[in-house]
2 protein chains.
Amino acid sequence: MGWGDLGVYGEPSRETPNLDRMAAEGMLFPNFYTANPLCSPSRAALLTGRLPIRNGFYTTNGQARNAYTPQEVVGGIPDTELLLPKLLKKAGYVSKIVGKWARPNIPVYRDWEMVGRFYEEFPIDLKTGEANLTQIYLQEALDFIKRQQAAQRPFFLYWAIDATHAPVYASKPFLGTSQRGRYGDAVREIDDSVGKILTLLQDLKITKDTFVFFTSDNGAALISAPKQGGSNGPFLCGKQTTFEGGMREPAIVWWPGHIATGQVSHQLGSIMDLFTTSLSLAGLEPPSDRVIDGLDLLPSMLQGQLVDRPIFYYRGNTLMAVTLGQYKAHFWTWTNSWEEFKQGIDFCPGQNVSGVTTHTQEEHTKLPLVFHLGRDPGEKYPLSFASTEYLDVLRRITPVVQQHQEALVPGQPQLNVCNQAVMNWTPPGCEKLGKCLTPPESVPKKCFWPH
Amino acid sequence: MGWGDLGVYGEPSRETPNLDRMAAEGMLFPNFYTANPLCSPSRAALLTGRLPIRNGFYTTNGQARNAYTPQEVVGGIPDTELLLPKLLKKAGYVSKIVGKWARPNIPVYRDWEMVGRFYEEFPIDLKTGEANLTQIYLQEALDFIKRQQAAQRPFFLYWAIDATHAPVYASKPFLGTSQRGRYGDAVREIDDSVGKILTLLQDLKITKDTFVFFTSDNGAALISAPKQGGSNGPFLCGKQTTFEGGMREPAIVWWPGHIATGQVSHQLGSIMDLFTTSLSLAGLEPPSDRVIDGLDLLPSMLQGQLVDRPIFYYRGNTLMAVTLGQYKAHFWTWTNSWEEFKQGIDFCPGQNVSGVTTHTQEEHTKLPLVFHLGRDPGEKYPLSFASTEYLDVLRRITPVVQQHQEALVPGQPQLNVCNQAVMNWTPPGCEKLGKCLTPPESVPKKCFWPH
């Protein structure tokens with residue numbers, strides 16, 4: 001989902017009344033970022049509170065490559081990483097993930113057991129776009145919340161719907177209802193489901209004890225637009241890129257009775273902050289034996305504090321850009337290769353900023369391209385290298401980046417090796433369903449990451 | 001001002017709390033259009049309820065040229081046109097225009113007399129951007145409203161601030177306060193002023209009798225971005241073009257007690273509708289001896305009605321495009337000439353949609369380029385000519401356009417002839433101020449309209 005997909009973020013069709021209401025009753029973060037311009041590393045960062053370069057969710061197979069977790073990837077989140085649900089358990093929290101972990105793939109699990117396969121027992125009709133997955137995810141979420149409330153157990157629910165990921169889908173009542181086509185149908189069903197979750201919290205009278213945050217793991221994938229792609233509003237490019245359209249995300253927090261209604265925070269926020277903020281809510285300290293990139297956002301949410309902090313934009317092992325305050329400095333610019341682009345793979349359709357949306361990897365580490373995101377959210381007008389404004393910005397940004405890079409201990413890259421044999425051929429429970437498959441011979445090889 | 005300049009339309013800095021509140025207490029029109037992609041013709045259309053091609057506010061000096069009213073233009077709104085204030089007078093309304101009529105120019109009037117000159121008595125400090133004009137305009141508006149209320153006279157106020165037109169300006173308390181630079185300072189002062197006007201109406205307890213509408217006369221001028229230019233949100237290009245960024249406008253109506261709060265109307269609206277709607281509010285019929293393009297929007301505002309109607313996009317004498325429902329058909333595409341573009345005059349900076357943002361005038365009258373604005377608000381993906389969707393759209397749009405063109409009686413083009421002698425050398429009141437100038441010899445010549 002993209003920054004511009006919600007009515008409250010300016011989507012012209014205004015089809016997200018529940019998310020818009022959530023914002024009206026809560027706090028909006030217009031300057032909130034994911035940790036990576038694609039899904040798996042962002043989700044690993046949410047769960048670990050750490051940049052993918054630290055937690056290992058990246059590749060060194062080529063420079064600045066976006067890697068994720070198809071089923072054949074050998075790596076994963078290293079055992080040495082501390083995951084949010086595990087930490088929350090210390091404070092008595094029951095945790096659940098519902099929905100997408102990586103790309104749409106074959107086995108579908110409920111708890112620890114396989115319950116069928118995607119496209120077989122859980123089909124998406126690719127012709128009509130019909131699928132009832134969001135309704136299944138919603139029911140799982142509602143049931144989980146009700147059970148925890150009945151048992152008076154504190155809970156952490158990571159509700160990871162994926163209906164806006166191509167192939168986009170919606171269930172029958174939503175199909176064809178959007179002005180925005182099938183993508184909009186998916187957004188409407190997500191919006192409706194969020195409304196149902198918030199309503200349940202209200203019905204259970206646990207809103208004062210339940211902190212709700214809505215965000216996305218990467219910008220809208222413009223490559224699948226317009227039929228399967230969303231909107232990044234006024235921002236440049238989309239998913240796969242380190243321009244604003246790839247990493248700035250919708251973000252709404254809702255916590256009636258604690259966070260005042262209808263607020264907007266210009267705090268630079270990150271998906272990794274949800275790790276630290278969640279620990280803080282549970283009365284826990286973040287781990288002190290490692291670098292945690294997430295901040296506790298509660299002071300911003302409750303007291304309106306603004307903390308100066310950098311946002312780092314990585315592709316794989318490469319620090320592409322950093323934002324500090326209103327300024328963003330690009331050290332590398334790249335969309336994708338000319339070769340891919342000529343095949344029609346375009347992460348910035350209809351957009352072309354000379355020297356910025358480049359199809360060769362352009363290095364600017366000596367003289368970064370700097371944009372003022374307030375005046376120029378679309379990253380179209382680099383500051384003049386000769387301006388005093390540019391020099392002032394560089395003077396502030398350079399030490400922040402140096403400090404980051406000097407202290408950085410990259411994690412072991414997890415997304416380098418692929419092997420068909422590691423796929424979920426025989427997931428737990430497959431015997432009961434008669435759905436076990438024979439794994440092929442193990443042939444580890446370097447994963448190919450084109451961009 | 002552009003569609004994307006208001007917080008409620010998704011501007012990331014969210015610096016328009018008063019306009020956003022106006023929307024929250026009123027009705028937002030995300031699909032509202034001006035009558036022309038630049039100022040003078042749009043304003044003439046507002047006052048006459050008629051397209052510029054009918055009321056004469058266009059040129060035939062070259063095809064598809066944007067013409068406006070610099071001081072040396074010989075034409076004006078023809079005497080045969082019926083202006084809104086004149087019509088309202090029949091119902092006892094007192095009318096006032098405050099602010100901009102055409103481009104920033106030399107004499108400044110109060111009522112019928114000159115009170116000084118722009119840049120002399122009414123300076124804009126081009127270095128700092130300081131000017132107190134919005135405060136003067138605001139005071140005039142507040143005084144006018146108070147006087148009419150005191151005298152119990154119905155009134156029509158056309159409050160035409162121009163602080164977001166280059167050279168953009170703001171008064172001292174607003175200078176440097178925006179995250180968006182000087183343009184944002186201007187927006188903030190406008191927003192603050194709107195808040196003061198609404199507050200006055202509340203203080204005077206006349207909100208139930210006062211219909212307030214906010215809109216703009218063209219999209220943000222991207223040519224002066226980022227320091228002097230605004231945002232057209234997710235839309236293509238800006239002022240001077242017939243893409244959405246040039247003509248789709250922010251639009252909010254506020255009428256407490258009549259129009260329900262927090263509504264969104266997807267009615268296709270036009271600035272010309274303000275003519276007809278205002279007459280309707282005053283209990284008057286629109287003129288029946290001529291074609292009026294404006295609709296009465298009251299049924300949309302009060303009963304949520306949606307009326308199917310076309311929006312026509314003209315440049316000069318050329319019908320460039322039409323929108324009907326969600327579909328927009330382009331009969332001609334043009335931004336500006338290669339010659340201008342190579343000089344750096346760019347109406348679509350950072351945007352480039354192949355075959356759409358063309359620098360030669362491309363005719364598509366036989367086979368229009370069609371976009372679905374719901375799925376594709378940025379006009380990036382023309383429908384396939386072979387699709388049934390395309391054929392269906394064409395079948396609906398073609399008769400509407402034919403009917404329009406067959407019935408069209410173009411007005412006498414007013415913006416063809418320029419002559420320095422017609423400028424306001426000796427405006428009424430100039431003697432008192434010692435500011436009369438000697439007019440030069442009359443040399444009428446064809447106005448030059450480059451784009």
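Tutor: Start with how packing is described. An axis is a line fitted to C-alpha atoms, for helices over the stretch in contact, and angles run from 0 to 180 degrees between N-to-C directions. Helices (H or I, at least four residues) and strands (E, at least two) are DSSP runs, numbered from the N terminus.

This is a predicted model, where local features need pLDDT of at least 70, side-chain atom pairs count only at pLDDT 80 or more, and totals for chains, interfaces and linings use all residues; side-chain values use heavy atoms, without hydrogens and water. Residues are numbered from 1 along each chain as its sequence is written, while chains are lettered from A and ligands numbered from 1 in the order in which they are written.

Now look at chain A. Helix α5 covers residues 133–150, and helix α6 covers residues 181–203. Their axes lie 10 Å apart, at an angle of about 10°. That makes α5(A) roughly parallel to α6(A) (angles under 35 degrees count as roughly parallel, over 145 as roughly antiparallel, 65 to 115 as roughly perpendicular and the rest as oblique).

Which residues meet? Contact means heavy atoms within 4.5 Å. From α5(A) come A:T134, A:Q135, A:L138, A:A141, A:L142, A:I145 and A:K146. They meet A:E189, A:S193, A:K196, A:I197, A:L200 and A:L201 of α6(A). Sorted by class, the contact of α5(A) with α6(A) has seven nonpolar, three polar and three charged residues. Here Ala, Val, Leu, Ile, Met, Phe, Trp, Tyr, Cys and Pro count as nonpolar, Asp, Glu, Lys and Arg as charged, and the others, Gly among them, as polar.

Next, turn to A:N18. This residue sits in helix α1 (residues 17–24) of chain A. Leaving aside neighbours within four places in sequence, A:N18 is in contact with A:D191, A:D192 and A:G195. A:N18 is buried, with a relative accessible area of 17% (buried means under 20%, exposed over 50%, partly exposed in between, with a 1.4 Å probe and protein chains only).

Step back to the whole chain. Chain A has 12 helices and 19 strands. Of its 451 residues, 60% count as buried. Among contacts between residues at least 6 apart in sequence, 72% join residues at least 24 apart. The C-alpha atoms fill a box of roughly 65 × 55 × 50 Å, taken along the principal axes.

Finally, chain B. Helix α5 (residues 133–150) and helix α6 (residues 181–203) of chain B pack at about 10°, with axes 10 Å apart. So α5(B) and α6(B) are roughly parallel to each other.
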